Amino acid sequence: MVGGGGRQKVASMLPYLVKTLRKETLKPSNQTLPSLRRTFSLYDQINLIDSVPEGQLRFQRYSDTGFTVNGVEYEGSLLIVENKVMSWAPKNFSEITAESLSIFQILRPVPEILILGCGRHIEPVSSELRRFIRSTGMKLEAIDSRNAASTYNILNEEGRPVAAALVPHGTTPQSSSTMIFAIAVMSLKPSYWRM
């Protein structure tokens, strides 16, 4: 507690303090705020939310073979539309086709965005599949399944009309270029292999 003499001392210093502050120019800070794009691309730092508001789906965990949504463990691929969880046929990214996403031809209202979880790695989406998704009126975000789960949580929490189609995180692509390379390597005679 400041006594009567302390207050007088502070009061007498006030004109000096004001004069000093007026002489100094404010220096702008050179620190820039991180962009939201950069912030939301750091999915490793985003917590998959454990507390789930009633009536809203949330990915809480993922594994190499499935996902946990609202406390329920699901094995295999999932399709989430209008807060409904469905088992989905594709076992890996190469099995994702327009036919496997045909529900979006009849679904109304159409979600604003489809988050496609590609498995362990981001995979290029074929032009045919992109055309199909665009024809339904949706935008496409194709990312690895771990980040797809986090992105779904964020967009769903914001109240955006979003759908997710994810293959388990542990799946690796079986793309045609990978298969061609594997066939070419297997066709080599063992005498060409160096150990």
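This is a predicted model: local features need pLDDT of at least 70, side-chain atom pairs count only at pLDDT 80 or more; totals for chains, interfaces and linings use all residues.
Strands β2 and β3 run antiparallel and are joined by 4 bridges. Along the way, Phe59, Phe67 and Tyr152 turn up as a cluster linked by ring pairs.

**The three-stranded sheet**

- β2 and β3 belong to an open sheet of 3 strands, ordered β1-β2-β3, with antiparallel pairing.
- The edges are taken by β1 and β3 (72–75), each with a single partner strand, so one side of each has no neighbour in the sheet.
- On average, neighbouring strands here are turned by 25 degrees against each other, ignoring direction.

- You'll find Thr68 in strand β2 (residues 66–69).
- Is Thr68 buried or exposed? Its relative accessible area is 10%, and the cut-off for buried is under 20%, so Thr68 counts as buried.
- Leaving aside residues up to four places away in sequence, Thr68 touches Arg58, Phe59, Gln60, Arg61 and Glu73.

**Aromatic rings**

- A pair of aromatic rings is described by how far apart the centres are and by the angle of the planes.
- How many aromatic pairs are there? The count comes to 2.
- Phe59 and Phe67 make one of them: the ring centres are 5.5 Å apart and the planes sit at 75 degrees, so this pair is edge-to-face.
- Phe59 and Phe67 are both buried.
- Phe59 also pairs edge-to-face with Tyr152, at 5.6 Å centre to centre and with 90 degrees between the planes.
- Why is the Phe59–Tyr152 pair worth a look on the chain? Phe59 lies in strand β1 (residues 59–62) and Tyr152 in helix α4 (residues 145–157), so the pair ties together parts that are 93 residues apart in sequence.
- Phe59 has a relative accessible area of 0%, so it's buried, and Tyr152, at 0% relative accessibility, counts as buried too.

**The five-stranded sheet**

- There's also an open sheet of 5 strands, in the order β5-β4-β8-β6-β7, with mixed pairing.
- β5 (84–87) and β7 (139–143) stand at its edges; each has a single partner strand, so one side of each is left without a neighbour in the sheet.
- Ignoring direction, neighbouring strands of this sheet are turned by 15 degrees against each other on average.
- β4 and β8 run antiparallel, with 3 bridges joining them, and Leu79 stands opposite Ala165 in β8.
- Helix α4 packs on this sheet, where it touches β4, β6, β7 and β8, and its direction makes about 165 degrees with that of β8.

**Nonpolar cores**

- In soluble globular proteins, nonpolar side chains tend to be buried together.
- Here, the largest nonpolar core has 20 residues, and the members touching the most others are Trp88, Ile96, Leu101, Phe104, Leu114 and Leu116.
- At least two residues of this core come from each of β4 (78–81), β6 (113–117), α3 (127–135) and β8 (162–166).
- Which element gives the largest share of this core? That's α3, with 3 residues.
- Not counting residues up to four places away in sequence, Phe104 touches Leu79, Val81, Pro111, Leu114, Thr136, Met138 and Ala163.
- A second, separate core has 16 residues, including Phe67, Val69, Ile115 and Val162.

Conventions
Residues are numbered from 1 along each chain as its sequence is written. Side-chain values use heavy atoms; hydrogens and water are left out. Buried means under 20% relative accessible area, exposed over 50%, partly exposed in between (1.4 Å probe, protein chains only). Contact means heavy atoms within 4.5 Å. Rings of Phe, Tyr and Trp (its six-membered ring) pair if their centres lie within 6.5 Å; planes under 30 degrees apart count as stacked, over 60 as edge-to-face and the rest as tilted. Two strands pair if DSSP finds at least two bridges between them. Axes are lines fitted to C-alpha atoms, for helices over the stretch in contact, and angles run from 0 to 180 degrees between N-to-C directions. A nonpolar core is a set of buried Ala, Val, Leu, Ile, Met, Phe, Trp, Tyr and Cys residues joined through side-chain atoms within 4.5 Å.
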